[in-house]
Amino acid sequence: MTDQPLLSVRNISRHYGAHIGCEDVSFDLYPGEVMGIVGESGSGKSTLLNCMAGHLTPDRGQVVFDTRADGPRDTVTMSEPERRMLSRTDWAFVHQHARDGLRMGVSAGGNVGERLMAVGARNYGDIRTKATDWLGRVEIDATRIDDRPSTFSGGMQQRLQIARNLVTGPRLVFMDEPTGGLDVSVQARLLDLLRGLVRDMGLSAVIVTHDLAVVRLLADRLMVMKSGRVVEQGLTDQVLDDPQHGYTQLLVSSVLQV
């Protein structure tokens, strides 16, 4: 791990009128590190994620990313074309619902190939070869390359969305409830796949979830949010095994009682 954070979030706040979306959130994320953000519905975790990923503009604060070319840059003040290019190259966003991250009328191979074309790939044969390789990496049979995502199961659609996002070799992936809505057995398979990809590619990731089992498996560090604010953070095992804040204790105990 280097001394230079890949991502530095500083005092990010976002309000919806009188309602707090998130308030004064700060943390550093280092290369190869996975940060989990947990909390109940309405805790502010998705607002925070969307502010970091550029989908929402925060009321105040900075999201500083260590770009390859220009060093640390505040992505909040970046131009829209710069931020869009960042989202195609160094960043990726995995939606909870795969349909939000896929082109449902385009073939599986086309979904992966589009991302490659967005960063300049033009040779059809090379694009198809790379798409085939990535379908295999996410456990989708190569014979399905010309099938549309609408013919896939929910778990397959989510794996295809992951392939589409990771094919360009991003350094940072934002994930919003990546296993939400999937059957338990499908969740387990997807989590195992994600853990392998994060490790093999040396990815940094920010994962928002309400499922403590997801962060236990994937996250190095954990932030717990309640009413838009971070109430506890630390190493994942430390926070889950010895929670200090009353709200975290409730979250952990509610899982244990299920």
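Let's begin with helix α3 (residues 108-118), where the buried residues are Ala108, Gly109, Asn111, Val112, Gly113, Arg115 and Leu116. Keep in mind that this is a predicted model. From this helix we can move on to the nonpolar cores, then the sheet, and finally a few backbone angles.

**Around helix α3**
- The cover over the buried residues of α3 includes α2 (80-88), β6 (91-94), α4 (124-137) and α5 (154-166).

**The nonpolar cores**
- Val112, which is one of the buried residues of α3, also shows up in the largest nonpolar core, a group of 48 residues.
- Along with Trp134, Val138, Leu160 and Ile162, Val112 is among the residues with the most contacts inside that core.
- Helix α6 (residues 184-201) supplies the largest share of this core, with 6 residues.
- There's another core apart from this one, made of 27 residues, including Leu7, Phe65, Met78 and Phe93.
- What does Val138 touch, if we skip residues up to four places away in sequence? Its contacts are Arg159, Ile162, Ala163, Leu193 and Leu197.
- As a general rule, nonpolar side chains tend to be buried together in soluble globular proteins.

**The sheet**
- Six strands make an open sheet in the order β6-β7-β8-β3-β9-β10, and the pairing is mixed.
- β6 and β10 (229-235) sit at the edges with a single partner strand each, so one side of each has no neighbour in the sheet.
- From one strand to the next, the twist averages 15 degrees.
- Zoom in on β6 and β7 and you'll find parallel pairing over 4 bridges, with Val94 opposite Met175 in β7.
- Helix α5 lies across β6 and β7, and it runs at about 170 degrees to β6.

- Asn11 isn't a glycine, yet its phi is positive, near 55 degrees.
- You'll find Asn11 in strand β1 (residues 7-16), and it is partly exposed, with a relative accessible area of 39%.
- Glu177 isn't a glycine either, and its phi is also positive, near 45 degrees.
- Where is Glu177 found? Look in the loop between β7 (172-176) and α6.
- Is Glu177 buried or exposed? Glu177 counts as buried because its relative accessibility is 9%, and the cut-off for buried is under 20%.

Conventions: Residues numbered from 1 in each chain as written. Predicted model: local features only at pLDDT ≥ 70, side-chain atom pairs only at ≥ 80, totals over all residues. Heavy atoms only, no water. Core = buried A, V, L, I, M, F, W, Y, C linked by side-chain atoms within 4.5 Å. Buried < 20%, exposed > 50% of the residue type's maximum accessible area, 1.4 Å probe, protein only. Helix = DSSP H or I, 4+ residues; strand = E, 2+ residues; numbered from the N terminus. Contact = heavy atoms within 4.5 Å. Pairing = 2+ DSSP bridges. Axes fitted to C-alpha atoms, helices over the stretch in contact; angles between N-to-C directions.
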